[in-house]
Amino acid sequence: MKITTALLASTALVVTLSPATAQDMSNEMTIVSWGGAYQSSQQKAYSEPYVEMHPEVTVTWDESSNEAVAKLRAMNEAGNITWDLVDVVAADAIRLCDEGLAMEYDPDDLLAEGADGTSAEDDFGDLIVSDCFIPQIVYSTTFGYRTDMVGDTPPTEVCAVFDLEAYPGKRALEKRPINNMEWALYCDGVAKDEIYDVLATAEGQDQALAKLDTIKDDVIWWSAGADTPQLLADGEVVMGSTYNGRLFSVIVDQEQPVGMLWDMQVFDLDGWIIPEGLSDEELARVKDFVFFATDTQRLADQSQYISYGPARLSSAPLVGQHADLGIDMAPHMPTDPENAKNTLLYNYEFWADYRDDIDAKFQSWLVQ
């Protein structure tokens with residue numbers, strides 16, 4: 001996937017006006033998210049300014065996104081939907097949409113145009129991976145490396161992970177096939193646009209595992225997102241994969257000698273779904289909020305608090321400084337044009353179809 005950026009005529013604050021009216025809207029919303037710094041960024045960028053504009057509205061936050069699929073299934077079965085808007089990863093949005101638990105929408109009807117006049121559908125582009133998924137942020141799984149352990153030629157390409165001669169030492173990789181298999185095929189000569197076609201075959205899976213075999217003895221396998229940053233901070237690995245936000249913390253907050261390798265970062269998405277079954281009043285309020293919270297300026301505003309890229313192309317030029325640290329956030333965003341020259345978008349449909357079989361083969365390979 002190629003990320004491009006539309007230049008804006010002005011980077012001044014843009015206030016998008018919703019086509020909805022205040023009449024017959026609910027004044028209470030329950031919004032579901034993940035808690036922590038991420039939810040705090042949503043509150044600061046979205047709900048607080050919205051409530052300031054609409055003081056009659058009360059927003060309650062629920063930190064149950066990790067249980068969203070199960071809870072929405074239970075609510076639907078009971079005929080009692082108590083959530084108004086739910087933040088989920090794209091894979092869960094696809095499942096909820098397929099099960100009829102999330103509302104389908106037309107991007108150009110529900111969402112604002114980009115600040116540069118681009119239609120919402122074009123502004124979000126390929127990130128609308130489901131008829132029910134409203135993209136919000138792009139985060140990525142990428143590589144960090146110890147700047148003091150790579151000599152005079154820091155790695156610039158992902159295939160450095162497989163180059164034990166140039167970069168000796170332990171690597172950290174997640175203990176699952178996702179991402180690892182894609183990187184292995186790419187670094188074994190498979191064209192990026194053919195990776196999933198090859199991986200769908202038994203021969204392609206064997207090819208990926210054979211490539212991983214070349215570094216298997218030098219891999220420390222991780223399960224938690226905090227593992228690789230700690231291994232890097234302790235100097236136990238020369239490089240390792242993890243989420244870009246985790247690396248941002250190690251590099252900026254902890255000031256560790258760690259660099260970021262953006263080549264072939266794997267994009268993943270997080271965003272909103274609107275549950276099916278809301279009353280007309282609830283739905284009207286949620287639509288008004290979503291129209292506001294997903295416009296060009298608001299998505300850019302969230303980047304003041306966390307190093308995840310806004311899902312709109314038109315938001316990229318508006319990414320500014322961290323609200324507390326005062327540093328320029330653009331170089332830390334996975335969607336920044338300099339970082340997004342060579343990216344891979346996680347193929348949700350592929351892994352939904354092949355995950356069980358490939359995972360079984362991968363786990364068997366691990367213990368060989």
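Thr141 is buried, with a relative accessible area of 6%. This residue belongs to strand β4, which covers residues 134-146. The structure is a predicted model.

**Around Thr141**
- Leaving aside neighbours within four places in sequence, Thr141 is in contact with Asn179, Trp183, Ser241, Thr242, Tyr243, Gln265 and Val266.
- Thr141 counts as buried because its 6% relative accessible area falls under the 20% cut-off.

- In soluble globular proteins, nonpolar side chains tend to be buried together.
- The largest nonpolar core here has 90 residues, and Leu212 and Ile274 have the most contacts inside it.
- This core lies between two domains, because domain 1 (14-132 + 274-330) and domain 2 (139-269 + 337-367) both give residues to it.
- Not counting residues up to four places away in sequence, Leu212 touches Phe162, Leu173, Asn180, Met181, Ala184, Phe362 and Trp365.

**Two residues with positive phi**
- Most residues other than glycine have a negative phi.
- Glu255 is not a glycine, yet its phi is positive, at about 55°.
- Glu255 sits in the loop between α10 (244-253) and β8 (258-273).
- With a relative accessible area of 67%, Glu255 is exposed.
- Met264 is not a glycine either, and its phi is positive at about 60°.
- Met264 is found in strand β8.
- Met264 counts as buried, at 0% relative accessibility.

**Helix α13**
- Helix α13 is made up of residues 348-366.
- A straight helix of 19 residues would span 27 Å at 1.5 Å a residue, but α13 spans only 24 Å between its end C-alpha atoms.
- At Tyr354, α13 bends by about 65°.
- At the start of α13, a side-chain oxygen of Asn347 comes to within 3.3 Å of the backbone nitrogen of Glu349.
- The buried residues in α13 are Tyr348, Phe350, Trp351, Ile358, Phe362, Trp365 and Leu366.
- Phe362 and Trp365, buried in α13, are also among the residues that Leu212 touches.

Notes. Residues are numbered from 1 along each chain as its sequence is written. This is a predicted model: local features need pLDDT of at least 70, side-chain atom pairs count only at pLDDT 80 or more; totals for chains, interfaces and linings use all residues. Side-chain values use heavy atoms; hydrogens and water are left out. A nonpolar core is a set of buried Ala, Val, Leu, Ile, Met, Phe, Trp, Tyr and Cys residues joined through side-chain atoms within 4.5 Å. Buried means under 20% relative accessible area, exposed over 50%, partly exposed in between (1.4 Å probe, protein chains only). Domain bounds come from an automatic or database domain assignment. Contact means heavy atoms within 4.5 Å. Helices (H or I, at least four residues) and strands (E, at least two) are DSSP runs, numbered from the N terminus. The expected span of a helix is 1.5 Å times one less than its number of residues. The bend at a residue is the angle between axes fitted to the seven residues ending there and the seven starting there. A polar contact is a pair of N or O atoms within 3.5 Å; within protein, one must be able to donate a hydrogen and the other to accept it, and residues adjacent in sequence count only if both atoms are side-chain atoms.
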